[in-house]
Amino acid sequence: MTTPKKVPIPKNGVDYRGKIVLAPMVRSGECPSRLLALKYGADLVWGPETIDKALIGTVRHENATTKTVDFTRLSSNGAKNPALNPEQRESVIYRLHPEREGRKLVYQIGTSNPETAVQAAQLIAPDVAGIDVNAGCPKPFSTSGGMGAALLKTPERLCSILEALVKHVGEPNEIGISVKIRILDTAAETEALVRQLVATGITGLTVHCRTTPMRPRERAIRDQLKMVADVCREAGVACLMNGDVYSRDEALELISQYGCDGAMIATAAETNPSVFRPESEGGAAPWQEMIKEYVKTAMEVENRWGNTKYLLGQMIPGKQDAYKAMTHTKSYTELVRALKYDDLLEMAKGVDKALEIGEYEKPKMTKSERKAANKAAAKKAEEEKSTSTEQDDMQKTAAGIKRTAEMAELDMPPDVARESGPASVPEKASALAANAATKHRRHRSDNLKNPSIIVAPCSLDNQNSVDRLVWHSHIMGGGPAKEHILCLLPYPEPKAIVQSLRQRFPNIDITYHEVRFTLDAEQQRQDLAKLPQSIWHDVTILYTLFSLPSKLSDVPKLRLVQLASAGSNQVQKHPIYTDSDIPISTASGIHGPQIAEWCVMTALVQSHKYNQLHDLQKEHKWGDKKSTADDFHNVHDMVGRRLGVLGYGSIGRQVGRVAKAMGMDVVAYTATPKDTAEKKKDPGFIVPGTGDRDGEIPSAWYSGLDKESRLHFLRQEIDWLIVSVPLTEQTRHFLSTEEFQALSQDGKKPAFVTNIARGPIIDQPKLIEALKDKTLAGAALDVTDPEPLPEDSELWDLPNVTVTPHVSGTGSSYIERSFQILEENLQRLEKGDRLLNVVRRERGY
């Protein structure tokens, strides 16, 4: 029997074989989470992905208080030059605990460049057991700049990064280099990629059993796993699996089944780090035990308060009193008091003091004080620049000059990004942001180099669902570059509105081009062919309903796509959506009033038997008094009935508002839980006097994209169901026979269904069956599958159905309100604020 080939494990490295490990997770892989996982039996732990440029320029500190090694840099906090402020705090970019993590920590790096990867890895290599390259994360903060899962599209670049790390970091430090990937669309593509990767000198490879577009809630695909394990084994490289692994015991079974060498546990460990403990030793600990252990560990290493609170939100069940108590705390002292951990109170006070939070928080500077401080800092910098080069030699590090994140010109990772004020305008701003910024500061000419405008989407805050977009402008000669908006819309130019925009934003050029209202590709091509290529080349903001350039390369300066529609599914197959990180914003919020009125109108047409009355009117008949009275005695008004809103967004909120005014009870359904007052709020555009901004109308909230959660909602004795969820792969055929049965209480209480979202959300053949056999009382459909609805569809002739040609949101106010969204986003760009209605590609809306 031959011995399997095995790549030698370096002296200071670790063999991944036989290991059950903590997966790399942003926010959830910080120091206290890793230490707790190790305490409960994890064999190895991966830290969160840290971008190479975030680590370059940091200083390594040995923290005597926490016994940790901290890699830090000066945070900006809105100051132009934080190095001039002696009280400026240092931001911890990466923290590890040598004594408790020992040689069990693997550092995961986010990179797209061999040189910067090596430069960053060399700083931390002496303190870790291995360096792992992230080639699997699909999130924008990772894929921006070609990192994460974007590397799967450039295997040559990925291989060059791995080879450089093996040669310049792994061999000198005698540690292993590994990579984490996702499966590709076909087994052949995945095999070809893996064969390239295992030939680079790596010691380990982790395969996440999902493709790049797949989200964690989608079941892992393990069809390719055995093949990947076999290829790795041939090359002598250890293979770890990742995806839907929930415990040590399950991991060992899967390793045996698929022939892998080890396994990663991710989300299950985020909720309860003790899942690494085998059942024979007690298995996962109760959440009450875990959260006290976590709080104690977090304080021992002085973990950042925001990160601790976020993790507790994942670990404490949402319905527990402890969860509610935790959400109201703002410091460790308040936390241990709320959770009644009296034995930890003194420790908590000490940590609060060290972190300057709670009662120890220092007063924040006012806007005028900050402005004065910036002016003083700038003046001092100019004076020192003219007399000495002392600043150039400050704070030398192993990597060279210590720099702030802004000096390093990097897209700041989540924990660093929060060091900037939420409404601060970067010193290098777009034409719009520059106009606002020049009111407060002067632009230094030595920073103005490149006459191009680039969009850098910052990472998401850990509890924020909307991208904050910061536009940087490097302008030749010191003046802001002109933005160019191209409007491609299927209606005549609203000249008064466009002129108003030109007056409001003098640094913007606007080109308006009317196109036909058609989804026919050839007709669209003909319409767009009339535009000169120079316009495509210069456009920075595209305002459109469905018209897009034929190729991404046609619009090299494009930085924002503003859609005139509430949804984005009509553009989701275009390269702008699939192959770029260009922000896409929708017009969500403008349709509420018009669509809500359509919903009520069509529902009342059915419930009040208006069609019968209209037929009598056309025939000039008053109707037989007795028979007419008999027909209408069973008309039931809406008072006391229940409206279920499947998708409580801007449209659903306005329907709920109107229904509430008619005396109905309203229950809401959302994809994710809205279990706090803050989460129930509507952060988007709202037509004044409409909607439900604070989420106060529903008497009950339900959530979850899984079938069980959906059926539970539908069984709440709903009389009228509004379908207003976005169309995604998860919501396609969201409603079918089983859902209709649940909605009608198994035929005992037929409900009325209104669809104003997208046709494919409903399984249309099954809908027709339910309407014909009276499982459903009726339906109002402004959208169908397909559109236009074929002439021979049975829906046209069903007496309990109203069909309209996707016009519920069309009205005289549509154009004006859609331009209001555009204007609002232009104002936000000018101020450096978050944009409205940015599409999150990982969700599809």
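Predicted model: local features only at pLDDT ≥ 70, side-chain atom pairs only at ≥ 80, totals over all residues.
**Before selecting.** Residues are numbered from 1 along each chain as its sequence is written, and side-chain values use heavy atoms, with hydrogens and water left out.

**Colour by confidence.** Colour the chain by pLDDT, the predictor's confidence in each residue, from 0 to 100. The average is 84, and 83% of the residues score at least 70. Next, select residues 77-84, where pLDDT stays under 50 and the model has 23 contacts (heavy atoms within 4.5 Å) beyond four places in sequence. Residues 433-480 also stay under 50, with 117 such contacts.

**Select D15.** This residue lies in the segment before β1 (20-22); strands are DSSP runs of E of at least two residues, and helices are runs of H or I of at least four, both numbered from the N terminus. D15 is buried, with a relative accessible area of 16%; buried means under 20%, exposed over 50% and partly exposed in between, for a 1.4 Å probe and protein chains only. Show its side chain to find polar contacts with the side chains of K6 at 3.0 Å and R17 at 2.9 Å. A polar contact is a pair of N or O atoms within 3.5 Å; within protein, one must be able to donate a hydrogen and the other to accept it, and residues adjacent in sequence count only if both atoms are side-chain atoms. Apart from neighbours within four places in sequence, D15 touches K6, I9 and A238.

**Select α12, residues 305-315.** Eight of the 11 residues in this helix are buried, among them W305, Y310 and M315. Their cover includes α1 (31-39), α11 (287-300) and α15 (345-355).

**Select the five-stranded sheet.** This open sheet has the order β18-β17-β19-β20-β21, with parallel pairing. β18 (508-514) and β21 (584-585) stand at the edges with a single partner strand each, so one side of each has no neighbour in the sheet. Two strands pair if DSSP finds at least two bridges between them; β17 (483-489) and β19 (541-544) pair over four bridges. Within this pair, L486 stands opposite L542 in β19.
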